[in-house]
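This report describes one protein chain for a reader who has the sequence and the model at hand. Please look at both before reading on.

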Amino acid sequence: MHDDGRYDDPRVTGSAGDPVSRETEYPNWRPSEVPQSPPEPGRNAPTSGVPWPATGEGRDGTDASSRPANASPDARVIPIRRNPSASARFEAAAAHPPASGMVPDPRPAPDTPALAAESYPSAATEAAYVSRETPTRDEDDPPLAMEAMRAVQILNPSGEVTMPRPDRTRVMCVANQKGGVGKTTTTVNLAVALALHGNRVLVVDLDPQGNASTGLNVPHHTGVPDVYDCLINSVPLEEVAQAVEGIPNLWCVPATIDLAGAEIELVSVVARESRLDRAITAYPGHFDYVFIDCPPSLGLLTVNALVAAQEVLIPIQCEYYALEGLNQLINNINLVRQHLNPRLEVSTILLTMYDRRTRLADAVEQDVRNHFGDKVLQAVIPRNVRVSEAPSYGQSVMTYDPGSRGATSYFEAAQEIAERGVKEPVSRNA
């Protein structure tokens, strides 16, 4: 094919070479017909009786000017099969072929059909366009943003009093004779949550294991003044309490291994059941909350805590064994109320280690709520690995990972306890 549109067709010129495809089209002449020489006499004669067209006219009446310049005058034109879509694309692209030796102009030709204005959005349309994957204001914020918001809410960096302070000191005993239900974890995290939001809190570690002291990063090795000295040697509580590092308004009375022998030594002491009560009452400072972490037993240490407290907070693990020993704990609380501390009341029940994937957790929750009613907090503490990791770093989950589900749940529980203490004073009929 030449630049001017001419081509050498072996069927017309008789030159050698490869045949031209029947679908090849060229500008400036009709691409649907290809010239062909008339048949020899006796060969391929038309059977329809239609004579071959004249020299200047095609068989279908077309003008001979549409033929190639090098076509034979007596060549006949036969229809060829074409691809309409391919032809349209080719014709649009080759409407103005460049001349030989000319550099193509990158600008579009003047008569090139311009694209519709609707093909490209205007500036206003682009500004108004929002991807479907972009969340709107009505949707929830991203998880990281929500976690950051919870962390700021829990840590309360401004130091403002965001939780109501009670009119009197609330002494709460965290007790349950079953071990592993979350007594220490509940004590530490509730105390930190209340202290971070403007309340003055004292934690008394009455468990010889000293886990509450570990969770608050308070030294409790042998030789450190601890609660044992207060119970046995009548040391004032202010000389034993230590300020918790990094948490304002929070103090802790640690426990050492010496406390393990305190129950035996208290047997011969006069008024052995009220030793802790007298130590707390003699404290010169004022606290909004005093949390007493009890050991997993019903011995003299737990009895001292029940006598010193006004309220009992019972953490209940959402399993059957936790319910089995709950009846015995309630009976002991009733005995202490009748003989030693008439102001003692079970004011708060907190469900811990809740696993929403199991039906057992739902069944235990329903049983506890049906039995205790409004005493059960609406906040439920789920199983969360962050709660278990925090003590290994000497922190509570409130400061270790304030955006976690465990920290959020304990924060809600602390807020609920604070609001209950202001709205309704604790009474025996509560």
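## Model and chain

This is a predicted model, in which local features need pLDDT of at least 70 and side-chain atom pairs count only at pLDDT 80 or more, while totals for chains, interfaces and linings use all residues. Residues are numbered from 1 along each chain as its sequence is written, and side-chain values use heavy atoms, with hydrogens and water left out.

The protein chain has 15 helices and nine strands. Helices (H or I, at least four residues) and strands (E, at least two) are DSSP runs, numbered from the N terminus. Of the 430 residues, 42% are buried, meaning under 20% relative accessible area with a 1.4 Å probe, protein chains only. Among contacts (heavy atoms within 4.5 Å) between residues at least 6 apart in sequence, 76% join residues at least 24 apart.

## The sheet and its helices

Seven strands make an open sheet with mixed pairing, in the order β5-β6-β4-β7-β3-β8-β9. Two strands pair if DSSP finds at least two bridges between them. At the edges are β5 (242–243) and β9 (345–352), each of which pairs on one side only. Strand β4 (residues 201–205) is parallel to strand β7 (residues 289–293), with five bridges between them; Val203 stands opposite Phe291 in β7.

Helix α9 lies across β3 (170–174), β7 and β8 (311–317), at about 155 degrees to β3. Helix α12 (residues 359–372) lies across β8 and β9, at about 165 degrees to β9. Such angles run from 0 to 180 degrees between N-to-C directions, and the axes are lines fitted to C-alpha atoms, for helices over the stretch in contact.

## Nonpolar cores

A nonpolar core is a set of buried Ala, Val, Leu, Ile, Met, Phe, Trp, Tyr and Cys residues joined through side-chain atoms within 4.5 Å. The largest one has 55 residues, and Val227, Leu276, Ile292 and Ile314 have the most contacts inside it. Helix α9 (residues 300–308) gives the most to this core, seven residues. Apart from it lies another core, of 39 residues, including Val188 and Val244.

Which residues does Ile292 touch, not counting those up to four places away in sequence? Among them are Val171, Cys173, Val204, Leu276 and Ala305.

Definitions and conventions. Buried means under 20% relative accessible area, exposed over 50%, partly exposed in between (1.4 Å probe, protein chains only).
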